[in-house]
Each structure stands twice: as C-alpha cells, then as structure tokens.
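Here is a short report on side-chain contacts. It covers charged pairs, aromatic rings and the nonpolar core.

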Amino acid sequence: MSNVCKGCGKSEFIDDEQTGDRICVSCGEVQLSNLLSEKPDWRSFKEDENAEDDAHADTFTDSILKNGTLSTDFIFDGRTIDAKQKAMMKRVENPKEARRARKFMSIHSAIEEAGGHLGLSSGVIRCAFDLYSDCSSLMHIRGKRSEIIVSACLYLACRIMKCYRLLSEIVSILLADLRKTARLSQVIISELKLVIDPPTDADYIGRYCSVLLLPRSVYDMALRVLDSIKEGNYPSVSGSALNAVVVLMASRICDMQDPPSTEQMAVVAMKSEQSVIRLYKTVYTHCDSILVTVFRDDAGMKAKSIMKIAQKLEPKRL
C-alpha cells in the first residue's frame, strides 16, 4: 500500500473508525475503505478521551441491576429456589445426584401444595421439609411412595409445631394409605429419635369440631362432657371413639339446628359407624349422672331441664 495520497501526493491521513475509511488530510480523498480496527475489543462511552470509563465489549452493565450485571436465577414451579437447592439442581453431570435433586424438589412441591390445602403456616411446612431432609437417606424411606412420605412428614410436623391435624384428613388430601402412613410416622420418630407429645383428647375434639365447622360452644361443651365421663370412671366407657361420642352429645346439648350425624362423625374420626353408635349407647346409660356433673356449677339448671336434655340425647334421635 502506498504511503502518499493518490490525489495530492501528501502523506498525512486520518482513519474514520465509524466508516472504516482512510482519508487524506490535505485533499480529503478516500485512500482505503472497510478498514479493520486493530484496537482491543473495548467500547468507550466517554466524552473526554482521558476519562477512564471503558467497558469490555461482552460485559453488560446497568445501574438498576444488582451489582450492575446480569445473573441467573433457577426457577422451579414459579419459585426462586435457595442456594442449597440451586447447588443440588446444578449437579446434573452426576445422574444419581440429578435423580436425587428431582426427588427432593418434587417432595418439596408436594409438601407446599398439601400444606396449603390444610391451611398450615410456612413454619409447619418448613418443619415438614426439614424432616424429609433428615430422613431421606434412611433405608426405611427408600422405595416408599411419595404421598406416604409427604403425609408422614406433614403429620409429624403438625404435632411438633402444636398445629394438630388429623392423619385421616392429611392422607385424604394426598390419597395416601392410612395404615402405611401411620407405620412410617412411627419409623421416622424411632430412627430420628424424635420426642413428640402424643395428641391429647382436646386435640382430637378440637380438630373434629374444626372439620365439621362446629362452633366454639360445642368444643367447650364436649370437653365438659368428657371430663364428667372421666370423673365418673364408668365401666366400658372408653376407647378411641369416645372423643367422637362426646362431640355428638355436645352438638345436641347446645341445640344445634343441624348437628352432625353418626355417619359424618365416623368418617371424620376414621371409625366405623357401628362402633360409634355402640359406644354412644353405652355412654347414654350413664347420661343422667354425666349431665348432673356437667351442670353442677350452673345454679340455674333445674332437674327438669336436665331431663329434657337427656331426652334430646336418646340414641333413637341420632
């Protein structure tokens, strides 16, 4: 390439980086076109050539972005996952780890969904997920169906957090087997050496009333009836269906317009209707003394009033 201008013979040129042309300073004739830039791949947005605001061509900066740069968030089911879960999802190069990560996220999603249906707080849901994380490596957990694992973890989390839910309502939402879930719950308690208080009669009665949408007055009356029965220490008046029986009685003592039927009560308590009716009849044989104990502190309660209540509680009216 000649170092002198073809038009005027001068040798002073300037390069236009935007157009890629080399131009003679004296006459303005274009000497070369489509020149390649020999500078490094840096872009400059500065107005003053002495300013230091160069930016690398492949780096995007924006003042409204965190740290001024773009980043990647892992999203699962519409949620941004935390660092621990992100690290697990990144291990895709290991097929075993990838399967474990998918299982982990699937269980987490199922716990959140079931917890939403049960009206559980985020603390209870987190507790259930932590339980699964702790017991996921146990031999007894491997091979179990997901719905059974989720049901067991949610049930135990509710007991730990004092937010009681019936095992029957949990398995009904997740379509899990009741007996297998109950057995797995005991295995988890044993393997993790959990210390959990067993549910009390008040827990059962409170949950029965909640599921059946019964008012607070029925709950309070059911506890009074139960205390009266325990105080009387009546023979053959015991069993797991007793809490269901006292709720049936309390709903009728409180004059509910539409009290629960024995069938509804049996379904909620996961008992046979016949066992509920049989125990109800046994309790009713001591009805008079039970009611006297229940209303002994109520000065306005007359004997005739107690007799009328006893008539409303007759088994044939169920």
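Lys316 and Glu314 form a salt bridge, with 3.6 Å between the closest N and O atoms. The term salt bridge covers a side-chain nitrogen of Lys or Arg within 4 Å of a carboxyl oxygen of Asp or Glu. Lys316 is exposed, at 72% relative accessible area. Salt bridges with shared partners join Glu314, Lys316 and Arg317 into one network. Exposed means over 50% relative accessible area, buried under 20%, and partly exposed in between (1.4 Å probe, protein chains only).

The model is predicted: local features need pLDDT of at least 70, side-chain atom pairs count only at pLDDT 80 or more, and totals for chains, interfaces and linings use all residues. Residues are numbered from 1 along each chain as its sequence is written, and side-chain values use heavy atoms, with hydrogens and water left out.

**Salt bridges**

The whole structure holds 10 salt bridges. Three of them are tabulated here.

| Salt bridge | Closest N to O |
|---|---|
| Arg216 and Asp220 | 3.3 Å |
| Lys316 and Glu314 | 3.6 Å |

Helices here are DSSP runs (H or I, at least four residues), numbered from the N terminus. Asp201 is partly exposed, at 27% relative accessibility.

Arg216 and Asp220 both belong to helix H8. They are 4 residues apart, about one turn of the helix. Arg216 is exposed, with a relative accessible area of 59%. Asp220 is partly exposed, at 34%.

**Aromatic pairs**

How many aromatic pairs does a search of the whole structure find? The search finds 5. Phe104 and Phe129 make an edge-to-face pair, 4.8 Å centre to centre with 70° between the planes. Rings of Phe, Tyr and Trp (its six-membered ring) pair if their centres lie within 6.5 Å; planes under 30 degrees apart count as stacked, over 60 as edge-to-face and the rest as tilted. Phe104 lies in helix H2 (residues 95-118) and Phe129 in helix H3 (residues 122-135), so this pair links distant parts of the chain, 25 residues apart. Both Phe104 and Phe129 are buried.

Tyr164 and Tyr204 also pair edge-to-face, at 5.6 Å centre to centre and 80° between the planes. Tyr164 lies in the loop between H4 and helix H5 (167-174), and Tyr204 in helix H7, so the pair ties together parts 40 residues apart in sequence. Tyr164 is buried, at 12% relative accessibility. Tyr204 is partly exposed, at 26%. Ring pairs link Tyr155, Tyr164, Tyr204 and Tyr208 into a cluster.

**Nonpolar core**

The largest nonpolar core has 79 residues. Helix H4 (residues 146-160) gives the largest share, 10 residues. Domain 2 (96-192) and domain 3 (201-313) both contribute, so the core lies between them. The domain bounds come from an automatic or database domain assignment. Such a core is a set of buried Ala, Val, Leu, Ile, Met, Phe, Trp, Tyr and Cys residues joined through side-chain atoms within 4.5 Å.

Leu154, Val225, Ile229, Val283 and Leu291 have the most contacts inside the core. Leaving out residues up to four places away in sequence, Leu154 touches Ile111, Ala114, Gly115, Leu118, Leu120, Ala128, Ile170 and Leu174. Contact means heavy atoms within 4.5 Å.

Conventions:
Helix = DSSP H or I, 4+ residues; strand = E, 2+ residues; numbered from the N terminus.
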